[in-house]
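Follow the stops below in order.

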Amino acid sequence: LVIRGMKTLGIRLDRQQENALKIAGWLQRHPRVTRVHYPGLEQHPDHDLIRRHARGFGAMIAFEVTNHGLVEQLLLRTQLISFAESLGGVESLVSQPYSMTHASIPLEQRLANGIVPQLIRLSVGIEDPKDLIADLSQALQK
């Protein structure tokens with residue numbers, strides 16, 4: 001299975017990174033998103049460094065929404081994007097680091113490191129980016 005998966009790894013990662021860049025750009029323009037953390041965006045402080053040393057910018061996006069209540073709304077409303085802690089698969093997944101993957105870290109340290117309640121992590125898969133954006137759009141509606 002590993003050998004078979006390795007044969008398509010490059011094309012899968014290319015698709016995931018293309019999708020992530022499109023989604024990050026869309027999120028950056030969304031009125032209910034206050035900050036997008038994705039090195040593929042030119043405004044990211046490490047954009048030039050990563051561009052020089054890597055073939056892509058990855059498929060992980062972290063973004064902050066205007067309030068904590070919107071996090072729960074997004075996590076419950078996404079239909080194509082699954083609510084899960086796993087990452088790196090071909091399907092898109094969404095999680096809240098504050099209460100999930102980083103919950104065991106002391107509160108002061110979480111906050112000091114930017115792990116705030118309104119932070120959402122998106123592991124972007126290979127689905128059609130228009131479908132992923134549509135799913136995020138409907139989940140972020142009032």
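Which backbone nitrogen does the side chain of serine 92 reach? Select serine 92 and glycine 125 to find out: the side chain comes to 2.7 Å from the backbone nitrogen of glycine 125. Keep in mind that this is a predicted model.

Stay on serine 92. It sits in the loop between strand E3 (82–83) and strand E4 (93–95). Serine 92 counts as buried, because its relative accessible area is 1% and the cut-off is under 20%. Now show its contacts beyond four places in sequence: among them are Leu80, Ile81, Val124, Glu127 and Leu132.

Next, select the strands. Five of them make an open sheet, in the order E1-E2-E5-E4-E3, with mixed pairing. E1 and E3 are at the edges with a single partner strand each, so one side of each has no neighbour in the sheet. Zoom in on E4 and E5. They pair in the antiparallel sense over three bridges. Pick serine 95: its bridge partner in E5 is arginine 121.

Move on to helix H1, residues 2–29. Its 28 residues should span 40 Å at 1.5 Å a residue, and its end C-alpha atoms are 39 Å apart, which agrees. Look for a kink of about 50° centred on threonine 8.

Colour its buried residues, including Gln16, Asn19, Ile23 and Trp26. The buried residues of H1 pack against E1, E2, E5 and helix H5 (129–140). End the tour by showing H5 beside them.

Terms used: Residues numbered from 1 in each chain as written. Predicted model: local features only at pLDDT ≥ 70, side-chain atom pairs only at ≥ 80, totals over all residues. Heavy atoms only, no water. Helix = DSSP H or I, 4+ residues; strand = E, 2+ residues; numbered from the N terminus. Buried < 20%, exposed > 50% of the residue type's maximum accessible area, 1.4 Å probe, protein only. Polar contact = N/O pair within 3.5 Å; in protein donor to acceptor, adjacent residues only side chain to side chain. Contact = heavy atoms within 4.5 Å. Expected span 1.5 Å × (residues − 1). Bend = angle between axes of the 7 residues up to and from the residue. Pairing = 2+ DSSP bridges.
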